[in-house]
Amino acid sequence: MQADQDNKGQAVAIVGAGPAGLMAAEALARAGHAVDVYDAMPSAGRKFLLAGRGGLNLTHSEALDRFLTRLRPQQPALEAMVRGFGPEALRAWAADLGVETFVGTSGRVFPTDMKAAPLLRAWMHRLRASGVRFHMRHRWQGWDAEGRPRFDTPAGPQAIDCNALVLALGGASWARLGSDGAWVPVLREAGAEVRALQPSNCGFDVAGGWTPFFTERHAGHPFKSVAIEFGGVRRKGEFVATASGVEGSLVYAFSADLRDAITRDGQATFTLDLLPDKPADAVLREVSHPRGSRSLSSHLKGRLGIDGIKAAVLHERLTREAMHDPAQLAAAIKALPLTLCAPRPIDEAISSAGGVAWAALDERLMLRARPGVFCAGEMLDWEAPTGGYLLTATMATGRAAGEGAARWLELSRP
Ligand SMILES: Cc1cc2nc3c(=O)[nH]c(=O)nc-3n(C[C@H](O)[C@H](O)[C@H](O)COP(=O)(O)OP(=O)(O)OC[C@H]3O[C@@H](n4cnc5c(N)ncnc54)[C@H](O)[C@@H]3O)c2cc1C
């Protein structure tokens, strides 16, 4: 991996034009290096743009100490990076690019127009203006015999010279947006420990599946204002029934624990509270109220507001006898067990767990097995729930890798 060096700056290649790679590019360009960014896709930041489709949740406004508890596994190096470039710094950075942010009711932070595209546009413009060059449709394939990064390009295979390489290749979800995890065997072969990539913030299949009747009528419908309890933790929110199970924000919040429990035990059971704001005794009182000639459905709807998918899931999971037994029915409304048997495939997940092990990296995010090669973003071994934590930690590690590479170049300068 050699390139011409001069006193001003050295040649750095960054692979991956997602938020991590772009942050690394920014840090290295600021340090005066000649930065070339390569990406397999025809344009930069495709997943970042997708994230903006439902409202770009850039970061979270909660206290930093609390924020750091969301990152898993607890990793001092990652925490230090997020402390170094955390939620406040990220908001200031966006403001500097002309994108103001606001704190939503949940504490989540969004650009005022909710979109990712204006932010990415301004960012790319500033990077180009600072001399960063972009090479799209360049798929990194590892190294050639001389240790040069090699790419498949529209013009055929190509190896490049550089003094340092930053890999910011993402995880393995939504492969059609570019991050497909194909780098895992390449880095393992290069001697780096990489933990298997796993789905994070993902949906799950319910054991035994839903009945065709339920799927036909309710797949895609939300369970609104419900609570899930799992592993002693209870949260309110909403999620969606899918053709084979469940997905959505409330399920994602539990997804790491559910996934780990399924890996360990083969399945995981959470309880669903269909009326989290109504105490159990009040539910029992309403269910037990004489219903005269009314059907059970109109009774549940009239006295408790339970209808649609909430009524359907009770019918789905309870026997006829239990449905007609007030004590059993009321207990199920407050704590309906749902057993999950498998996470959905990683390609459908919001993010990936696993990745380059922290032990494989030094404090600058340089691969111990491959001096001069740095890693950043979702390809590192951490995960976090949705809520802006993913982008914040991605950008913090991108910046840390860029600054780490700049420090290393400084020290290794002849
Ligand atoms: C639907 C959805 C919504 C999301 N919403 C949010 C949100 O609101 N807030 C939040 O914090 N997070 C959100 N995320 C997560 C967030 O987008 C990711 O965590 C983040 O994009 C990771 O950044 P990264 O730079 O590490 O990887 P990526 O953004 O995945 O970028 C990696 C880049 O590397 C390139 N690449 C991969 N392999 C190669 C190769 N061999 N050669 C060349 N290039 C390669 C890819 O083409 C890609 O451009 C969302 C994710 C999804 C899927």
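Guide: Three strands make an open sheet in the order 3-5-4, with antiparallel pairing. Strands pair here if DSSP finds at least two bridges between them. Helices (H or I, at least four residues) and strands (E, at least two) are DSSP runs, numbered from the N terminus.

Visitor: Which strands stand at the edges?

Guide: Strand 3 (59-60) and strand 4 (101-103) do, each with a single partner strand, so one side of each has no neighbour in the sheet.

Visitor: How many bridges join strand 3 to strand 5?

Guide: Two, and strand 5 covers residues 108-111. Thr59 sits opposite Val109 of strand 5.

Visitor: Before we go on, what are the ground rules?

Guide: This is a predicted model, so local features need pLDDT of at least 70 and side-chain atom pairs count only at pLDDT 80 or more, while totals for chains, interfaces and linings use all residues. Residues are numbered from 1 along each chain as its sequence is written, and side-chain values use heavy atoms, with hydrogens and water left out.

Visitor: OK, the whole chain then. How many helices and strands are there?

Guide: The chain has 15 helices and 19 strands. Its C-alpha atoms fill a box of roughly 90 × 40 × 40 Å, taken along the principal axes.

Visitor: And what share of the residues counts as buried?

Guide: 54% of the 414 residues. Buried means under 20% relative accessible area, exposed means over 50%, and partly exposed is in between (1.4 Å probe, protein chains only).

Visitor: What about contacts between residues at least 6 apart in sequence?

Guide: In the chain, 69% of those join residues at least 24 apart. A contact means heavy atoms within 4.5 Å.

Visitor: Let's do helices. Is helix 1 mostly covered or mostly uncovered?

Guide: Mostly covered, with 11 of its 12 residues buried. Among them are Met23, Glu26 and Leu28. Helix 1 spans residues 19-30 and reaches 16 Å from first C-alpha to last, close to the 16 Å expected at 1.5 Å a residue. That expected span is 1.5 Å times one less than the number of residues.

Visitor: What comes just after helix 1?

Guide: Gly32, which takes a positive phi of about 95°.

Visitor: How do helix 5 and helix 6 cross?

Guide: The axes of helix 5 (residues 87-96) and helix 6 (residues 117-129) come within 10 Å and cross at roughly 75°. That makes helix 5 roughly perpendicular to helix 6, a label for angles of 65 to 115 degrees, where under 35 is roughly parallel, over 145 roughly antiparallel and the rest oblique. Axes are lines fitted to C-alpha atoms, for helices over the stretch in contact, and angles run from 0 to 180 degrees between N-to-C directions.

Visitor: Which residues meet there?

Guide: From helix 5, Trp93, Ala94 and Asp96 meet Leu119, Trp123 and Arg126 of helix 6. By class, this contact of helix 5 with helix 6 has four nonpolar, no polar and two charged residues. Ala, Val, Leu, Ile, Met, Phe, Trp, Tyr, Cys and Pro count as nonpolar, Asp, Glu, Lys and Arg as charged, and the others, Gly among them, as polar.

Visitor: Where does Leu365 lie?

Guide: In the loop between strand 18 and strand 19. Phi of Leu365 is also positive, near 70°. Leu365 counts as buried at 0% relative accessibility, whereas Trp174 is partly exposed at 24%.

Visitor: Why call strand 18 largely enclosed?

Guide: Because six of the six residues of strand 18 (residues 351-356) are buried. Five bridges join strand 18 to strand 11 (residues 194-200), and the two run antiparallel. Ser200 has Ser351 as its bridge partner.

Visitor: What does Ala369 contact, leaving aside its neighbours within four places in sequence?

Guide: Ala190, Gly191 and Ala192. Ala369 is 182 residues from Leu187 in sequence and 9.4 Å from Leu187 in space, C-alpha to C-alpha.
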